[in-house]
Amino acid sequence: MSDSITLSEWQPDRNLGLELVRATEAAAIRATPFVGRGDKNAADGAAVDAMRRFLASVSMNGFVVIGEGEKDEAPWLYNGEKVGNGTGAECDVAVDPIDGTRLSAEGRPGALSVIAVADRGSMYDPSAVFYMDKIVCGPEGVDVVDIRKPIGENIRALARAKGVDVSDIRVAVLDRPRHAQLIQDIREAGAGTQLIMDGDVAGGVNAARFDSRIDMCVGIGGTPEGIITACAVKTLGGLIQGRLMPRDDEEKQRAIDAGHDLDAVLDQNTLVKSDNTYFVATGITDADFLAGVKRHGEFVRAESIVLRSYSGTVRHIVSDMREDRWGV
């Protein structure tokens, strides 16, 4: 540690990620009984309740910047709620107790429980515009990929940077009618697609990971999810770029009144200004990089990932917990 770096510049504390993972584990475990039962609200409610209880014990003075209330009509973990025990660092907190509620409700792969944390005041305010057009990739795409360029040009540039054929590039896209032309353009460029039903965050993180089969994630998704993804991208050394996409004239005017430049390209350093970010996720159902919650006799197993940008660390955590001693 350099003499020029004060202790306060190391906040939030390096142990925070290991405390936060208990909250995502709790949310994932509590959501599991509802997997495949077709009731996404019941699953989300259970996950929210469990995550909130565990966050109350975490040593931080957290402020929910991206929460559940407005999006999912949840009474807890709403934007502006204070979380943590108030004794630690002041933090911006983004929560998604279930990223992919429909995936969980239908018993499909890819549902995660997610928390992202950064220094207080460093997360972009996503309230004016709910959707943004995004592109995410790994380190090879830095200074190579540009969201303002046609998708085919970006695919070819990334393939050259990675030293592979275009046919080896696989692009994740949310399977939505609005992406029909984008999907066609990707395939006409010679790349393959991986269409994802939900799980905007998981798609972006997979695109930035060095050990993923996904090379790029593109398309219009949630602005809050883009900010959460940026916390992970800053650890992985990759790239995320986004442009706000108002749904109608009223939302467009609200964004302009709030001072947003709708032509601006928002990268990871705009979406999250802090260089000390945490991204924590636990699998609910099996995902590309995390297994879902499973029971083995008296034990329940949860698999998680903890990313911290300041130290550039990626930790994979497998927890086996005795259900009769695991208190939520």
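**A helix pair and its surroundings**

Analyst: Helix 7 and helix 8 cross in a right-handed sense. Keep in mind that this is a predicted model. Helix 7 covers residues 200-208 and helix 8 covers residues 223-236, and the two pack at an angle of about 20°. Their axes lie 9 Å apart. Angles under 35 degrees count as roughly parallel, so helix 7 and helix 8 are roughly parallel to each other.

Now to the cysteines. The structure holds zero disulfides. A disulfide is a covalent bond between the sulfur atoms of two cysteines, and the cut-off used here is a pair of sulfur atoms within 2.5 Å.

Next, the aromatic side chains. The count comes to one aromatic pair, formed by Phe-130 and Tyr-131. A pair of aromatic rings is described by the distance of the centres and the angle of the planes. For Phe-130 and Tyr-131, the centres are 5.0 Å apart and the planes make an angle of 90°. Planes over 60 degrees apart count as edge-to-face, and that is the label this pair receives. Phe-130 is partly exposed, with 25% relative accessibility, and Tyr-131 is partly exposed at 25% too.

A ring also takes part in a contact with a charged side chain: Arg-120 lies over the face of Phe-63, at 4.1 Å from the ring centre.

Finally, here is a contact between positions separated in sequence. Ala-28 lies in helix 1, which spans residues 16-31. Ala-28 has a relative accessible area of 0%. Under 20% counts as buried, so Ala-28 is buried. Between Ala-28 and Val-114 there are 86 residues of sequence separation, while their C-alpha atoms are 9.3 Å apart in space.

How values were computed. Residues numbered from 1 in each chain as written. Predicted model: local features only at pLDDT ≥ 70, side-chain atom pairs only at ≥ 80, totals over all residues. Heavy atoms only, no water. Phe/Tyr/Trp six-rings, centres within 6.5 Å; stacked < 30°, edge-to-face > 60°. Buried < 20%, exposed > 50% of the residue type's maximum accessible area, 1.4 Å probe, protein only. Lys NZ or Arg CZ within 6 Å of the ring centre and 35° of its normal. Axes fitted to C-alpha atoms, helices over the stretch in contact; angles between N-to-C directions. Helix = DSSP H or I, 4+ residues; strand = E, 2+ residues; numbered from the N terminus. Parallel < 35°, antiparallel > 145°, perpendicular 65-115°, else oblique. Left-handed = near helix turned anticlockwise from the far one by under 90°.
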